[in-house]
Each structure stands twice: as C-alpha cells, then as structure tokens.
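Trainee: I have a new structure open and would like to learn how to read it step by step. Could you take me through it?

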Amino acid sequence: METRQGSPSLSCPACRGRLHPVRGCREVALVCAECGARYPVRQFAALLDDAFEEEVALVPLDRL
C-alpha cells in the first residue's frame, strides 16, 4: 500500500523523481513516482527524518 505524500527530501538516484514509501508484508521500500525504481529503505537510512517515520507508521501492513 502506498502512502499519501512521501518525504519531499528524498529523490530517486536514477531520475530525481520523488520517492515514496510502500509497505509490503515483510518490508518497506522506497519507490520512485516517476520511473518506478524501487530501493531498500536502508539505502537512505541516513536521510530519513521524523516526517518519514510518521508517514510510514500510518501505512497498514499487508497480512498473509
């Protein structure tokens, strides 16, 4: 499930598009809204802020 807005401070390394968090069953990934590239959150861990954590906390988990 996708979040509503995404963190404005994160941009895609491939195209500079806006990254938004997508939570799956076992992990959260960052997906580019422009090119669809998918990145593990750990790649951007040093850049994540409180707003990102708040947004991800509101995304429901997919259940098996």
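Trainee: Which pattern does the protein chain follow when it is read along the sequence?

Mentor: In this predicted model, the protein chain follows the pattern β-β-β-α along the sequence, and its secondary structure comes to 1 helix and 3 strands.

Trainee: In what order do the 3 strands stand in the sheet, and is the pairing parallel or antiparallel?

Mentor: The 3 strands form an open sheet in the order E1-E2-E3, with antiparallel pairing. E1 and strand E3, which covers residues 38–40, stand at the edges with a single partner strand each, so one side of each is left without a neighbour in the sheet. On average, neighbouring strands of this sheet are turned by 35 degrees against each other when direction is ignored.

Trainee: How many bridges join E1 to E2, and how many join E2 and E3?

Mentor: E1 and E2 run antiparallel and are joined by 5 bridges, and they form a hairpin with 4 residues between them. Within this pair, Leu-19 has Cys-32 of E2 as its bridge partner, while Pro-21 has Leu-30 of E2. E2 and E3 pair over 3 bridges, again in the antiparallel sense, and here Leu-30 has Tyr-39 of E3 as its bridge partner. The hairpin of E2 and E3 has 5 residues between the strands, and Gly-36 in its turn has a positive phi of about 80 degrees.

Trainee: Which residues of H1 are buried, and which exposed residues does the face turned away from them carry?

Mentor: The general idea comes from helix geometry: an α-helix has 3.6 residues a turn, so residues three or four places apart point the same way. In this structure, the buried residues of H1 are Phe-52, Glu-55 and Val-56. They cover an arc of only 95 degrees around the axis, which puts them on the same side of H1. The face turned away from that buried side carries the exposed residues Asp-50, Glu-53, Glu-54 and Ala-57.

Trainee: What covers the buried residues of H1?

Mentor: The cover includes E1 and E2, and H1 lies across these two strands, running at about 35 degrees to E1.

Trainee: Which residues make up the largest nonpolar core?

Mentor: The largest nonpolar core has 10 residues, namely Leu-10, Cys-12, Leu-19, Leu-30, Cys-32, Tyr-39, Val-41, Phe-44, Phe-52 and Val-56. The elements that give two or more residues to this core are strand E2, residues 28–32, and helix H1, residues 50–57.

Trainee: Where is Gln-43 found, and does it count as buried or partly exposed?

Mentor: Gln-43 is found in the loop between E3 and H1, and with 46% relative accessibility it counts as partly exposed. Its C-alpha atom is separated by 9.4 Å from that of Leu-30, with the two residues 13 apart along the chain.

Trainee: What share of the 64 residues in the protein chain is buried?

Mentor: Buried residues make up 34% of the 64 residues. The protein chain exposes about 4400 Å², of which carbon and sulfur atoms supply 49%. Of the contacts with a separation of 6 or more, 39% come from residues 24 or more positions apart.

Notes
Residues are numbered from 1 along each chain as its sequence is written. This is a predicted model: local features need pLDDT of at least 70, side-chain atom pairs count only at pLDDT 80 or more; totals for chains, interfaces and linings use all residues. Side-chain values use heavy atoms; hydrogens and water are left out. Buried means under 20% relative accessible area, exposed over 50%, partly exposed in between (1.4 Å probe, protein chains only). Contact means heavy atoms within 4.5 Å. Accessible areas come from the Shrake-Rupley method with a 1.4 Å probe; for residues, only the protein chains shown count as cover. A nonpolar core is a set of buried Ala, Val, Leu, Ile, Met, Phe, Trp, Tyr and Cys residues joined through side-chain atoms within 4.5 Å. Two strands pair if DSSP finds at least two bridges between them. The arc is that of the directions from the helix axis to the C-beta atoms. Axes are lines fitted to C-alpha atoms, for helices over the stretch in contact, and angles run from 0 to 180 degrees between N-to-C directions.
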